[in-house]
4 protein chains.
Amino acid sequence: MITTSTQLELFLETRQQTESICKPLSTEDYVVQPVEFVSPPKWHLGHTTWFFEEFILKNHKSNYELFDLQFAYVFNSYYESVGEKVVRTNRGNLSRPTVEKIYAYREYVTRELADFLKNNSIDEDLQKVIEIGIHHEKQHQELLLTDIKYILGNNPLLPVYDNNFKEELIEENPLKWLHTEEGVYEIGATPDADFHYDNEFGKHKVYANEFFIANKLVTNQEYIDFMEADGYENVLLWHAEAWDWITDEKINSPAYWYKFEGEWHQYTLGGFQRVNPKATLTHISYYEAYAFAQWKNLRLPTEFEWEIAQEKFNWGKRWEWTESAYLPYPNYKKDEGALGEYNGKFMVNQKVLRGGSIATAKKHTTPTYRNFFHPHLRWQFNGIRLAK
Amino acid sequence: MITTSTQLELFLETRQQTESICKPLSTEDYVVQPVEFVSPPKWHLGHTTWFFEEFILKNHKSNYELFDLQFAYVFNSYYESVGEKVVRTNRGNLSRPTVEKIYAYREYVTRELADFLKNNSIDEDLQKVIEIGIHHEKQHQELLLTDIKYILGNNPLLPVYDNNFKEELIEENPLKWLHTEEGVYEIGATPDADFHYDNEFGKHKVYANEFFIANKLVTNQEYIDFMEADGYENVLLWHAEAWDWITDEKINSPAYWYKFEGEWHQYTLGGFQRVNPKATLTHISYYEAYAFAQWKNLRLPTEFEWEIAQEKFNWGKRWEWTESAYLPYPNYKKDEGALGEYNGKFMVNQKVLRGGSIATAKKHTTPTYRNFFHPHLRWQFNGIRLAK
Amino acid sequence: MITTSTQLELFLETRQQTESICKPLSTEDYVVQPVEFVSPPKWHLGHTTWFFEEFILKNHKSNYELFDLQFAYVFNSYYESVGEKVVRTNRGNLSRPTVEKIYAYREYVTRELADFLKNNSIDEDLQKVIEIGIHHEKQHQELLLTDIKYILGNNPLLPVYDNNFKEELIEENPLKWLHTEEGVYEIGATPDADFHYDNEFGKHKVYANEFFIANKLVTNQEYIDFMEADGYENVLLWHAEAWDWITDEKINSPAYWYKFEGEWHQYTLGGFQRVNPKATLTHISYYEAYAFAQWKNLRLPTEFEWEIAQEKFNWGKRWEWTESAYLPYPNYKKDEGALGEYNGKFMVNQKVLRGGSIATAKKHTTPTYRNFFHPHLRWQFNGIRLAK
Amino acid sequence: MITTSTQLELFLETRQQTESICKPLSTEDYVVQPVEFVSPPKWHLGHTTWFFEEFILKNHKSNYELFDLQFAYVFNSYYESVGEKVVRTNRGNLSRPTVEKIYAYREYVTRELADFLKNNSIDEDLQKVIEIGIHHEKQHQELLLTDIKYILGNNPLLPVYDNNFKEELIEENPLKWLHTEEGVYEIGATPDADFHYDNEFGKHKVYANEFFIANKLVTNQEYIDFMEADGYENVLLWHAEAWDWITDEKINSPAYWYKFEGEWHQYTLGGFQRVNPKATLTHISYYEAYAFAQWKNLRLPTEFEWEIAQEKFNWGKRWEWTESAYLPYPNYKKDEGALGEYNGKFMVNQKVLRGGSIATAKKHTTPTYRNFFHPHLRWQFNGIRLAK
C-alpha cells in the first residue's frame, strides 16, 4: 500500500495528464462518436470523474454534494449494477452537458477528492478503490488518444492532432530467435508495491514446451510483402470469421493506410505521412496478425510464453497480440459489487495483448499486465511479435 | 422578377436570420446527429453557404476563389450530380471543419455574394438561381429549428433552447364544417410576384366532389381522447405499414410527450411543460393523423380540397397532413442540371402537407406551397385538419 | 348478384384452377420462401382455403367442424383482427403441415362449401363474402405463379416449370400516340354484373388535361437501348430512393435477366432462353419504368388517363405501372370487420398498376381493376406503357 | 491404419445410419432452414456425399463420372478453397435438387465408393482421407438430429419425430466432489487404433492446480432453482455479451422449454412433455452454464481438468461446456490443402465441449475429442458439470 500523500500526488498528476491529452482538441472534437467502440472525448472526461464521485465521494466524504444529479445517469458506463444506463440516447448524441461544464465537473471532483485525501485518514479498502480509480483513468487516457486518432483520422480533412507527436519507431535489430527451455514456469502477479488488476492475480504454474520468440516486432516492409503476396486474398491463411470480416469490411491494409500517388501513406497523430518500411507495423487486428504468421509458417506466442520470455527482449512499443484467449486465471476472484464488473465480465470472445504501447501509462507497462480486445479491433497501437 | 437591390436585401436578411436561429446554441449542439433525418446545425450552416458558392460564385463571379477546396465535398448534400458525396463519413461524425471556421465561411460567401450583387448586372436566369438559393436557405431555417428541437429534446437533460419561445397556440373556435360545392377548380401557381418552387407550377384544373372541411385544427384534448379510447391498440384504424411502425418503435403518443407524475408533459423549445388540452396538437405523423381520422369516421382533406377551401379558414400554425401523395402536377418540368434534383426526385412515397407552421418562413406560407415528408416523420410542427 | 348455382360452378372451377397451377411442382417447391414478399406455394394453398373456413363455414354452416384447430393460426395472413398471427415462425420455415395434409384440407373445405352452397339458401351478404373468397383465391393464383417463378428462377439449377409455358409476346404494331381531349371524365366502377373490389367503387368525376398514350408496350430492344445508353448510371433519371435501391441491390437489368456468353438471356417459366428484342419487356419495377420514361423525355400515364383511354388500345399482357399512388377514391368505404382489411390498409406508399398480365384471372382483367405494389417490386409480370 | 475391408464396412454402416436418422421425416422437413446455424436435412445428405465425390472419387477412381456437375456448387460448404460457394441463394431456399434426386446421388456415390474400395488397393494417405470422410459424416449425423429437432421444435404444430426417442436421463447419484492433485499431466491424443481429428494431436504436458470436479451433471431441478432465484435477472452473474444476448433474444429458460398450464414443459424428439426435475438438464448455452456456476459460487472445468479427471466419472450423456477457449494445441499442424480447413479456421471465439451426448457417434465419444461451439449456441444436447 502506498501512503496517502503519494496517492494524492499520483491522483493529481493523473487528472492533469488526462487534460493534457485533450489540450489540442477543438470543442467539436470532444463530441462525436464515429463508431460504437470509440467514445467521445467528453464522455471519457466525465466518466473517469464520475468514478471518483460514485465510488468514493458519495459514500465516504461527509456532507459531499453531487455536482449534478443527472451525471450519474449520463456518465455511468458498463456498471450495469449501478443505476440505469443511458439506453436510447447514444453517447455520440449528447451535446449537453457541454465540454465547459464537464471541465467544471472535473475540477470540482478533483478538488473534493484532494481535500478528502488531505483531511481524512483513509483505510486500506478505500485506498484500494481510489487506486483503481486512478488506474481506471490511466486506461482511459490510452483510449482517449486512440479514440481521438479515430475521430480525426476518419474526418475527410485529416486534421493534425499535434505536429510533434511521433508514432514512428524504427526496428533497428536484425531478427534473432530467443530460446526458452521446456518446463514449469510461474505466471501472474502477487500483491506487491506495484499496482495490478484482479485479472493478473492468482500466480500459478504453467507448463511450457520449448519455444522460440522473436527479438523484434514485424516491420511495415514485412507486412507490405505479405500484402504484395496476396495475403488478403488467400483464404487458407485466415480464420473463417476473419475471412467474413475482411470481405464484408473490404479490409486490405492496416487501419489508417491509404494508397496515395502510388505510395502507401498513413494517418498519424502527427499528420498524414508516407509509410516508412523500416518502422514498426501498427494498427493491425488479431485476425491479420494470425494470417501474417500463417503466411510465414510461424505463429503468435501465447500470453504465457510472452511473460516467460519477456526479460530477453525489448517491448512497450506496440501492444502485442497473443494466441491466448482472455480467460480467468486459476482461482480468479473478482471484486465484490460493482467493481467486480471491471474485468471478469469481459472474459469471453477476446484475445490477450501484452506489453503496452506508446500510448500506455508507464505503470501499466509491466510483465504481467493483461490487455484484451476483440480479435477484429485495430484502432489501438497493436503490433506483431512472432514465435515458433 | 424582383430588382437586384431587393434581392440583396432579402439575401442579407435571410443569411442573418439563419444565424439568429443558432444564437442560443452551445458549440456542441452544432455537431451531433442523433438520427438520420436530422442534420447537425453546422451542416445546415455550411450547406446553405455552399449552395451560393457552387451555383453562383464559382462560375459567375470573376476571380472568385473558393474558400476551401474540400468544402464542396463536405457540404454537398443531395446533389448527386455535382461531385462526390460524403459516403463513409456520416454528417454526425464531422467534428471538423469547426463551427468557427464555418461561420468564417458564411461570412466570406455572404460578403462575396453581396459584392457580386452590388457590382454586377445580373441576368434573369442567374437572378432566378439566387432566388432559389435564398429560398433554399429559408427552408433550411425551418429544418434547423426542428433539428435543434430534436437534438435538445432527445438529450436526457432536456435543455431549454429559448425561454421565450412559445410553441403553444390555443384553438379558440368551436368546430364548424365549411362547405364546398362540387365542380371544376384551378390548382397550382403561375409565375407572379411571389416566389414559387417548380413543383407548384403547372396550374391546372381538377374536379372536386362536394366536401366539408373543418375550420380548426385538432386539439391535444381530442387526441388524448383517441389515446384513451385505445386508438393505438386498434389495428383496424391503421395502415399495415403504420401498424408495423407503431409496434416496432413502441409509439403510443405524439413525439416529445412524456407521462410525468401522472400528467402528460411535452418538451418544447421553451422548456419542458404540461400539455395544455386546449392547445393545437403537433408532432404527429401522417399515420397517426390518418388513424385519428378513421377513429372519428372522418378523413383528411386532399391537397386540392385544402387549396380550394383555404380562403375560408385560418391556417399557418401547423403543417397540415393531406391524404395526397406527393406527385408531379400535369406538365411538371423540372429544372435543367443539378437544380433539377431539387424537387422531382422526391416524388414517390411521400405525403403532401399544406399551410406552414410557426417555424415556416412567411414567404413559404402560401396557398400553393407543397411541403412533403415520409408518412412516419413527425419532428416537424405537423397537425391535423379533418374533412368529410 | 349471381345465382347460387353459378357461384358454385365458379367456386369449383377456381379451386380446381389453383391446383392445376401447382401440378408441375415437386413437393419441395411448395415449402421454400426465398424472400419476404414471396410466399411458399403450400401457404397459398392453405391460406385461400382458410378464408372459406374462417369467414363462411365456421359461422354459417351448422355443425361444421374445423379441419384442424391450429390451421387458423398457421394460415391467417394479414387479418390482424382475426386471432393471433404467426410471429416468430416465418412462413418459409413451416415444413408441417405437409403438402399432402394441406391438399386434404383443401378437399375437405371444398366439399363442405360445395355442400353448403347446394343445400342452403344463401343470403346476399353471405353470397358477397363467398364471392370475395373466390376472387381472393384468383388473386392468389397470380401470386402463386409469380412466386413459383421466383422460387425456381432463383435456384442455381434454373429448373423448368412447364416446357409449354410461353411468356414471350411480340409487339407487332408500330408506335402510335393515341389522343384524348381535355375534359371531365368518369372513373371507377358501379355495382353491376361483374365483380369489383371495394377500392374500385365510388364512381366519380376527374378532370383530365389533353394527353397522348402509346398504343403499345415497351419492347426488350427499347429497354436494352436504355441500358446501353447507361441509363442505370445516370442519377438524374432516378428518384432518390430508386437510386439508393439500384445501388444497394446492384440492379442493372430487368429481373431474371443474365448476360450469358455475351447475350442477354432470361429465366422464364418455360425455361432459360435468349431475350427476344421484339418481345414485350417485363419484370420491371416502377422505379425503372419511371427512369426509362425520363430518359425518353416522356412519362407514365396516371391511372385515370389509362382508364379513360383504355378502349383505344389492347391491354392485358403486362401489368402497366402508372404514375398514380394507390389512394382511396372519394367516398371510399371499406367493408366492416376483418374483410375491411382487404384493401384500405395498403393505401400508402404503393403505386397503381392497371390492365392485367398473362397470369391474371380473366375476371380481373377489367378497365377499372386497381392492382398495387411497392415501387421497387418486379417479380410480377409488369411492363411499361408511355404517355405524354 | 484399419484394413480396407473394415473401412468398407464402417463406410457402409455410416451411410446407412445417416439415412436411418432421416427415415421419420416428411419430404418437407428436409427442405427448411429456420435459422442460419441449422442446415436443411437434404443439405446434410448432399454435402456428406459430395465430400466423398470431391476428395476421393473425382481424382482417384478411374473413369469416374460426376453425378451432376452442379452439385459441387450446391453442396460445397465451408471449403472456400474448392470452387465457388453458394452465395446469394441460401441453403434454405433450395427446393431443387429434390430429396429423391439427392437420395439417388447418395446411392450412386455409395456404390461407386464401395466399388472403389473393393477393387483397388488404397494407399495410406487416401485411406486417411476416406476415414475423415466417414467421420465427417458421423459428425453430420449429430447435426442432422439436432437440426431436425430445431426444425420440428420451432414448428407451431410441435410434431413428434419418433415416439420411441427418449431424451430423458435421470441423474441417480448424489453429488460428490472428485479430487485431483496438483501436478503435470499429459493431454491430447497420439496416432493409435482409434480415429482422431488433427485438433486432438500434439500430445503435450499441462500443469494443473489441485481441483475438484462433480461426479454428476446438473439436473433440471437445480436449474429451475436458479431461474426461480432470478438468475436471469441478476446482471452480476453474466458476461457482458451474455447479458446483451439474453436481453435481445428475451432468453429466460433453456431452449425448447415452455411454461404451459403453470408447469415447465419441453419439446423433445419423442414429443412435448413435462420437464422431469430429476433428469439431466440440456439445451443450455455456455453463457447460461457460466452464469449458473457463478450463482453457485463454483465454476466450469477447463478442458484439461476434464480430460485429466474423466476416468473418475461417467460421461457421454450431454456435451459438457468447459471454460476453455477452442485454441490450437502446441505444435498443432493442420492438414495441407482444402482438408486443412476442417478445424483450424474455427479456432477463435468458440468454447470447447467435452464428452459427447446421446446424439454423438460412439467413435467420437472419447476422452480426447474436442467439440466446439460459439458460446450462445444451445441447440446441441449440452449440459453442465461443475468444478471448483
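Predicted model: local features only at pLDDT ≥ 70, side-chain atom pairs only at ≥ 80, totals over all residues.
Residues are numbered from 1 along each chain as its sequence is written, and chains are lettered from A and ligands numbered from 1 in the order in which they are written.

Chain A is divided into domain 1 (4-153) and domain 2 (177-383), with bounds that come from an automatic or database domain assignment. The centres of the two domains of chain A, taken over C-alpha atoms, are separated by 27 Å. Domain 1 of chain A contributes 28 residues to the contact and domain 2 of chain A contributes 27 residues, contact being defined as heavy atoms within 4.5 Å. About 2,500 Å² is buried between these domains, 65% of it on carbon and sulfur atoms; buried area is the accessible area (1.4 Å probe) that two parts lose on being put together, summed over both. By contrast, 14 residue pairs in polar contact, both at pLDDT 80 or more, are counted between domain 1 of chain A and domain 2 of chain A. A polar contact is a pair of N or O atoms within 3.5 Å; within protein, one must be able to donate a hydrogen and the other to accept it, and residues adjacent in sequence count only if both atoms are side-chain atoms.

On the side of domain 1 of chain A that touches domain 2 of chain A, helix 2 (41-60) and helix 5 (124-153) each supply at least two residues. Helices (H or I, at least four residues) and strands (E, at least two) are DSSP runs, numbered from the N terminus. Helix 5 of chain A provides the largest share of that side, 18 residues. The residues of this side comprise 15 nonpolar, 6 polar and 7 charged, where Ala, Val, Leu, Ile, Met, Phe, Trp, Tyr, Cys and Pro count as nonpolar, Asp, Glu, Lys and Arg as charged, and the others, Gly among them, as polar.

Between chains, the contact of chain D with chain A takes 39 residues from chain D and 37 residues from chain A. These two chains bury about 2,900 Å² between them, 56% of it on carbon and sulfur atoms. Strand 3 (204-208), helix 7 (240-248), helix 8 (286-295) and strand 8 (319-325) of chain D are the elements giving two or more residues to the side that touches chain A. That side of chain D has 19 nonpolar, 11 polar and 9 charged residues.

Chain D can be laid on chain A with an RMSD of 0.0 Å by a turn of 180 degrees and a shift of 0.0 Å along the axis, superposition being by least squares on the C-alpha atoms of residues with pLDDT of at least 70 in both copies. The two copies are therefore related as by a two-fold rotation axis. Of the interface residues of chain D, 95% are also interface residues in chain A, so the copies meet through the same surface. Chain D can likewise be laid on chain C by a turn of 180 degrees and a shift of 0.0 Å along the axis, with an RMSD of 0.0 Å; in chain D, the C-alpha of E28(D) is nearest that axis, at 3.0 Å. Chain A and chain C do not touch, their nearest C-alpha atoms being 14 Å apart.

Technical notes: Heavy atoms only, no water.
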